[in-house]
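Here is a short briefing on one protein structure. Keep the sequence and the model side by side as you read.

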Amino acid sequence: MPVNAAVIRGVQKLVLYETRARYFLVGSNNAQTKHRVLKIDRTEPRDLVIIDDKHVYSQQEVRELLGRLDLGNRTKIGQKGSSGLSRAVSAYGIVGFVRFLEGYYIVLITKRRRMADIGGHSIYKIEDTNMIYIPNDSVRVTHPDEARYVRIFQNVDLSSNFYFSYSYDLSHSLQYNMTLLQMPCDAGESEELNTSGRQDSFDIFEEEGIPTQVVHGLINEPYAKYVWNVRLLEKVKDIVHPDWLLYIIHGFCGQSKLLIYGRPVHVTLIARRSSRFAGTRFLKRGANCEVYQREKKTVETEQIIHDASVISSTSGSFSSCVQVRGSVPLYWSQDISTMMPKPPIRLDQADPYAHVAALHFDQMLQRFGSPIIILNLVKKREKRKHEKILSEEFYPAITNLNQFLPPEHGIEYIAWDMARYTKSKLCNVLDRLSMIAENVVKRTGFFVNRPDFYCHTLRPDERWGDLGGKVTPNGRIQTGVLRTNCVDCLDRTNTAQFMVGKCALAYQLYALGMIDKPKLQFDTDCVRLFEELYEDHGDTLSLQYGGSQLVHRVKTYRKIAPWTQHSKDIMQTLSRYYSNAFSDADRQDAINLFLQVFQPSESKPHLWELPTDFYLHHSDTMVLPHQQHSYTHWWTDGLLTFLPSPYDEAQCEKNRRKVAVKRMNRFDESIDIYTEFFKPYELTSFDDTFSIAMTNSSREFMPKTVGLDPSPFTVRKPDESAKSVLGSKSSKEEAVLQRKTAASAPPPPSEEQISSSSEDDSEEEREEDGTASQRSTPIRLTEPSDSSRLHEDPPQQRLPPVRETYGLNLLVNPPDEDILIYHRFAHLGQNQHKVERRDEMKKLDTSLSLAPVSLFPSDSIYEVSAPEVDVQSRAVFECHVQTGRGWVRTLCHEDVLMYREYIKNRYM
């Protein structure tokens, strides 16, 4: 059966050419061997007229086409000075088409930056965009409010945390994307879908009878909830070829490299922010009452661990774990007109049958399976009811829904007042969170694309046997998800998600064979790298939603943050209050306009004239629903049949319709991840590659001195970390020592100089780990006086001294005792001869059968005979020598097949 492969979009580089009557958008693949042309009419003042002939052009054909267009659009035939075709802009993708009160605009991605790599699939961040007005000036109908709408639309900064990929579906999880590649495809269906592209399947070698190696190329629909430009592409989705459609997500994407004794392991964190009922902190609370209910500010966070020593997504080792944060799915809001730091919470609408919560959890069961575990971190005890109002409504709603579900698939509810627990001096917040995280991971499991290693059988761990999820022939899949919430889903939620992610990271590394037990300690290089990644993730989401960075971090709850952190917390709180009070309304208008929740029209009021945007997000408030959703059978039909597995990943007819299958050649460029990743046709610099620039555990965290265990899983003291060494130097020296890292890595904060031993392990495990680290730490060869002098006076040179590197000073002659020992050793080597065989030794040969340990027949430093070379090795060497002399050997069957594929892909 043919294997499946993800199709790489054939339009990655674009050039926009303009004439007075039309725009010509020429798109090509990365190698610029295949081109497509899009024709956009500029004579229509209000309508969007796009023509796509869906023909694939070669480079020569595109040059001839552009030459004819240039010649035909000149004002005078043969006049070279007045060019009829001019190059307007170069781009990397189309964000979409938008119209306000005049004509349409096209939004193009003009700058991009590579942020992550997952199995050869590159993920890019939008760095800059260009918004171009399509109609010509001669037909343009001006409107006085057009410029204001353009300014509001551009308030959504597309260069801030918007991501896309040409070959990887960012709107779905890694588990979904890899499960899709293992789905069996119907051969009849795939051939039917390829009837329109017989030009690509033409084979000039059909008469030779050599079979063509077929691969099924898969193109699946994105998950619209996490795509932010789906409405901007809606106008052209059914007109243009799918290669032109580029879907972007909003949130966070960061990647760091964990080096385990030289073995690279990439740790990737992807956050997908929901585009439904999206908005700022106080203006979008709870859920809306559309037909398909969506809770506001849903963020799906996925951590992906994969062995970077293998690029292929089919042959490599991958693991992922997904968490969700979101507001309480009820009808509630906060009145910001009072100008209070914490506006009062009010319930806007009664929902006795938990209708809005039912639709939300139905969607989660479809996407993640069961069990759905809710971690509610809002306060329970308050002098005046504030956050407690939400808990009093949320818990009865879950109880009402669970009475209709089967008990084994019920929604689990965990309520814990994290803020009150933090104030207690006798309680440790992270200890409690680690216990919750362990139970959650054991219930939901995580995704692994390969079966268990044999080392897991040799060294079994009791926690590994109790792991949840579903075991498949190809590995494990995650069933269920943890849904964490507080009121704002920022500080407390980020710390809770970090602790669950830390626990899952230990299990993931254990599943990939990187560590011997699924347990990670604080103050190790691995956890510090993961903590930085999660804090950068939390800061980014907090800036998008609340207007400031995180106020309370992991170090705050560990109670090791320095005193200077308190002043920073006060400034972040003030910044968040200012943003919520004065700039949130403008940001909300920009989001509503970008997501096309509000579409300008001359027949209705302008966006800035609306007293509220309530009716934009609740369009069916005044209309009775056509189909009333059942209060008892509140889940989708057929959902319980596939639980605990996710319904969206099931092999049913509904899911098959979302995937387009195309029969392709194995060597086709549109599925060749190797060429897409390494780009052998481009000249690249080794220092500019992404893998060198990303955050590296050995460069950022591992100590620079010898005598310490280089393992990233060893607990280190504050002065042993590379961060503490770099933190004590001046800014100029730090710039010399530190390599330029990717934008996903945050600048090293001063708090990282202070750390302590793990507080969430038992005393027995702590003593066991402590003795193990002491045994594995070699003894320093430097004298105490010299080492103390080195710590007192930091070295000014870039390289460490010779004594620190080798344990001795090479400039000083060795003592006489060492010279004497060396002379004795050399004398023994010179007098070593072959021992004469006696009769007693010959008798032993008959009783003892000794197998040689080497290919060399004799074992002596003076007598060595080379091993014999077999015929096959001699033939390979002679062929290599003859090829160097210009003699060409006869081509075999495999060479003819490879040449045939090259000719067809390059020129046909």
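Contact here means heavy atoms within 4.5 Å. This is a predicted model.

**Nonpolar cores**
- Which residues touch the most other members of the largest nonpolar core? They are L433, V441, F446, F498, L509 and L520, out of 55 residues in that core.
- Several elements each supply at least two residues of this core, including strands β12 (249-260) and β13 (263-273) and helices α8 (429-444) and α12 (525-546).
- The largest share comes from α11, with 12 residues.
- V441 is in contact with F446, L467, G468, V500, C503, A504 and Y507, leaving aside its neighbours within four places in sequence.
- A second, separate core has 34 residues, among them I109, F162, A278 and F598.

**An open sheet**
- 3 strands make up an open sheet with mixed pairing, in the order β1-β11-β24.
- β1 (4-6) and β24 (659-665) are the edge strands, and each pairs on one side only.
- On average, neighbouring strands of this sheet are turned by 35° against each other, direction ignored.
- β1 pairs with β11 (residues 214-220) in the parallel sense, over 3 bridges.
- A6 has L218 in β11 as its bridge partner.

**Helix α5**
- α5 covers residues 355-368, which makes 14 residues.
- α5 is mostly covered, with 13 of its 14 residues buried.
- Just after α5 comes G369, with a positive phi of about 85°.

How values were computed. Residues numbered from 1 in each chain as written. Predicted model: local features only at pLDDT ≥ 70, side-chain atom pairs only at ≥ 80, totals over all residues. Heavy atoms only, no water. Pairing = 2+ DSSP bridges. Helix = DSSP H or I, 4+ residues; strand = E, 2+ residues; numbered from the N terminus. Axes fitted to C-alpha atoms, helices over the stretch in contact; angles between N-to-C directions. Expected span 1.5 Å × (residues − 1). Buried < 20%, exposed > 50% of the residue type's maximum accessible area, 1.4 Å probe, protein only. Core = buried A, V, L, I, M, F, W, Y, C linked by side-chain atoms within 4.5 Å.
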